[in-house]
Protein chains: 2
Amino acid sequence: MRSTAEARRATVLNAAVSAFARTGFHATPVTAVAAAAGISEAYVFRLFAGKLGLFVAAAGACFERIVVALEAGAERAGDVGPEGVLEAMGDAYAELIADRDLLLFQVQAQAVTDVPEVAEAVRAGYRRVATFVASRSGASDVQVQQFFAYGQLCHLIVTAGLEQVPEPWARALTAGIRHP
Amino acid sequence: MRSTAEARRATVLNAAVSAFARTGFHATPVTAVAAAAGISEAYVFRLFAGKLGLFVAAAGACFERIVVALEAGAERAGDVGPEGVLEAMGDAYAELIADRDLLLFQVQAQAVTDVPEVAEAVRAGYRRVATFVASRSGASDVQVQQFFAYGQLCHLIVTAGLEQVPEPWARALTAGIRHP
DNA sequence: CATGTTTGTAAGTGTGCACTCACAAACATT
DNA sequence: AATGTTTGTGAGTGCACACTTACAAACATG
């Protein structure tokens, strides 16, 4: 016994978020996340309820980390108005994009919403994030909606690699998006 | 010989868009699209260069159908200003959402962009759509960007099933989106 | 130190699926 | 009619991978 089960679960979840983010649910073998976490495949299956249970748990961890990052961004901004807080959160989200994992995981999760458990996890995640953004910023519904719309645009920009495309249409889509 | 290879390819592509839209690239066996198209799995592999070739071709068909729908919407609108044309295209896209296939396929394609061929297909698709929207509407870059941002928000709403969620945060995200 | 519990793994098992190949029938061309 | 070409399939092959089981060592507790 080297570690407690709970600590193992945490490190496995980190590995899972990264692995699933890159190759998605179906194309990511459990052996891959087990290897990344430095333990055996069999033990992953003991720690989580199947591959699906692992993915759902990883989704929870993903959205948790997003909320934390947005909170930090808002905190750093101090006492500006709702628009100011939203913009600060936008900047924080842009920093999040640097490591790509959290953003890509969301895309992968959206792609597996034909599995009811995943759909529910995605709803739960966006419930957390959306209610937090709204209450913490105090912004209007329209502003919050816009915040998420451009967040989703960000997902397209990153997955398609549009920052690397010099053509005018791509420049139009990526204009003003904070340094992704 | 019942049909020409080219005609077969077309029906297979329709089946492929639907099948991949629901279950995604990796979770959709080629047998499924073959069955939906009413031919044998082996023949699908003769008609397309592997499962990946089929998926890429389906992506092409998907974006093609999107452009056609947007064009029809714009045509129907007549000679209103750029904003009017954009709104007409938005309505047309909303109708497209009714059949869900084209929208979900885009999400699935974005999730497989770790495969270079798919990433390129997605870029090519959005290049077609974005340049078309911009030139046909004559709208500004900012307006085009906003058009796509809210389009992507639409993807989230549909995949997560947010129209079915009565809670305030979900209402805020779905507000004003044309009847999805 | 004996017994129980938790952490951990090696070595299977079964299945689903991408892709191939040998072969057949429909059609064209001479 | 003979020969070639295109359309089409049934029956495999091999491999990747989700999940299980049997077993072992670390730690706790009496």
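Analyst: On a 1 Å grid over the protein atoms alone, a cavity is a set of points where a 1.4 Å probe fits but cannot get out, and its lining residues have an atom within 4 Å of a point. This is a predicted model, in which local features need pLDDT of at least 70 and side-chain atom pairs count only at pLDDT 80 or more, while totals for chains, interfaces and linings use all residues. Residues are numbered from 1 along each chain as its sequence is written, chains are lettered from A in the order in which they are written, and side-chain values use heavy atoms, with hydrogens and water left out.

User: Which residues line the second largest cavity?
Analyst: This cavity has a volume of about 80 Å³, a volume being the space filled by probe spheres set on the points, which are joined across faces, edges and corners. Its lining is made of Val107(A), Gln110(A), Gln152(A), His155(A), Val107(B), Gln110(B), Gln152(B) and His155(B).

User: Which residues lie nearest the centre of the largest cavity?
Analyst: About 140 Å³ of space lies in the largest cavity, and by class its lining has seven nonpolar, eight polar and one charged residues. Of the 16 residues in that lining, those nearest the centre are His26(A), Gln108(A), His26(B), Gln108(B) and Ala111(B).

User: What area do chain B and chain A bury between them?
Analyst: Counting contact as heavy atoms within 4.5 Å, 38 residues of chain B touch 39 residues of chain A. Buried area is the accessible area (1.4 Å probe) that two parts lose on being put together, summed over both. Carbon and sulfur atoms carry 65% of the total, which is about 3300 Å².

User: Which residue of chain B meets Glu167(A) in a salt bridge?
Analyst: A salt bridge is a side-chain nitrogen of Lys or Arg within 4 Å of a carboxyl oxygen of Asp or Glu. Two are counted between chain B and chain A, and in one, with 2.8 Å from N to O, the partner of Glu167(A) is Arg127(B).

User: How many residues apart in sequence are the parts tied together by Glu71(A) and Arg136(A)?
Analyst: Glu71(A) forms a salt bridge with Arg136(A), with 3.6 Å between the closest N and O atoms. Because Glu71(A) lies in helix α4 (residues 50–77) of chain A and Arg136(A) in helix α7 (residues 116–137) of chain A, the pair ties together parts whose separation in sequence is 65 residues. Helices here are DSSP runs (H or I, at least four residues), numbered from the N terminus.
The separation asked for is thus 65 residues.

Key. On a 1 Å grid over the protein atoms alone, a cavity is a set of points where a 1.4 Å probe fits but cannot get out, and a pocket is an open set with protein on both sides within 12 Å along at least five of seven lines; lining residues have an atom within 4 Å of a point. Ala, Val, Leu, Ile, Met, Phe, Trp, Tyr, Cys and Pro count as nonpolar, Asp, Glu, Lys and Arg as charged, and the others, Gly among them, as polar. Helices (H or I, at least four residues) and strands (E, at least two) are DSSP runs, numbered from the N terminus.
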